[in-house]
Amino acid sequence: MGTYSDPVAALSGLFWMLLFLYLIFAPQLKHQQLLAARRRAMRRIGMKRGTNVITMIHRQESIGFLGIPIYRFIDIDDSEKVLRAIRSTPKDKPIDLIIHTPGGLVLAATQIAKALHDHPAKTTVIVPHYAMSGGTLIALAADEILIDPHAVLGPVDPQLMNYPAPSILKVVEKKEPKDIDDKTLIMADIAEKAINQVRETVFNLLKDKMDEEKAREVAKILTEGRWTHDYPLTVEELRQLGLKVSIEVPEEVYELMELYPQPMMQRHPGVEFVPSPQKGEKAVFR
């Protein structure tokens, strides 16, 4: 006596198995396609400009697993990879470093900045949107900064336990030592050292791009706590400081940035727009 096989149940089981496999492998495939598209875009920029293109893109606004925010910043893993990329670049090959970052560890940013500064061929940092804090430190190391007209850099005053180092020193200045607890005094000592260390780093990065007196002045301005740590330094302000900046960001860089989308678990976009036709193109409505 033969056994009865329900074709509907079999097809249903096959459907759910295929759906399960799709849910597992489709995101990985899509991610690999995205990485390949980025590499192609980087090669196009490099071929057009005759450079080795390196990127350091941090999407701070990303929404992570289960809706928990994930904040990317410059860390040791970044410095290891960027240093490896710089070392692998021929000494006579210019470097374009594209940066989009809120900042990060002083140690990691300093390592990247020094490696970029010491590269024998021309180095350019390209900022399509912002490069704050440690990102600014790295930008100062380059021979040239290409920045979008509305992109910004920021101050590089060090932060200790989420407090600006200059602000910690001001607290100590306004109080008598007997009225200050030991922890605050220790933090003030560390804050003073941190400011001096970062200031000296900035000076060393700038002294071959301007006279030493001006380099000292700029290093002091950027580290003394004149502004809040997230203060946006515009193109005009950067030029007033004597920094060599240009607003001629290659169009291909913006196209590359489009390949760094939000992750799948993202909130509904708050900004949407329909691109206008480019010069020489006709609008088509379907």
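Where is the place of leucine 105 in the chain?

Author: This is a predicted model, in which local features need pLDDT of at least 70 and side-chain atom pairs count only at pLDDT 80 or more, while totals for chains, interfaces and linings use all residues. Residues are numbered from 1 along each chain as its sequence is written, and side-chain values use heavy atoms, with hydrogens and water left out.

Leucine 105 sits in the loop between strand S2 (95–100) and helix H3 (106–118); helices (H or I, at least four residues) and strands (E, at least two) are DSSP runs, numbered from the N terminus. Because its relative accessible area is 38%, leucine 105 is partly exposed, a class that lies between buried (under 20%) and exposed (over 50%), judged with a 1.4 Å probe and protein chains only. Together with Phe73, Ile76 and Leu107, Leu105 forms a nonpolar patch on the surface, and the accessible area of these residues together is about 340 Å². Such areas come from the Shrake-Rupley method with a 1.4 Å probe, and for residues only the protein chains shown count as cover. A patch is made of residues with over 30% relative accessible area and no salt bridge, where like charges are joined within 9 Å and nonpolar side chains (Val, Leu, Ile, Met, Phe, Trp, Tyr) within 5 Å.

The chain exposes about 18,200 Å², of which carbon and sulfur atoms supply 59%. Of the contacts (heavy atoms within 4.5 Å) between residues at least 6 apart in sequence, 70% join residues at least 24 apart.

The charged side chains make a second theme. A salt bridge is a side-chain nitrogen of Lys or Arg within 4 Å of a carboxyl oxygen of Asp or Glu, and the count by this rule comes to twelve. Lysine 193 pairs in this way with aspartate 189, their closest N and O atoms being 3.1 Å apart; the two are separated by about one helical turn because they lie four residues apart in helix H6 (residues 182–206). Lysine 193, at 46% relative accessibility, counts as partly exposed, and aspartate 189, at 37%, does too.

Another salt bridge joins the side chains of arginine 216 and glutamate 200, at 3.0 Å from N to O. This pair links distant parts of the chain, with arginine 216 in helix H7 (residues 212–223) and glutamate 200 in helix H6, 16 residues apart. Arginine 216 is partly exposed at 42% relative accessibility, as is glutamate 200 at 33%.

Helix H7 also contains threonine 223, which counts as buried because its relative accessibility is 0%. Leaving aside neighbours within four places in sequence, threonine 223 is in contact with Val156, Asp157, Pro166, Ile195, Val198 and Arg199. Elsewhere, lysine 178 forms a salt bridge with aspartate 179, with the closest N and O atoms 3.4 Å apart; lysine 178 is exposed at 70% relative accessibility, whereas aspartate 179 is partly exposed at 45%.
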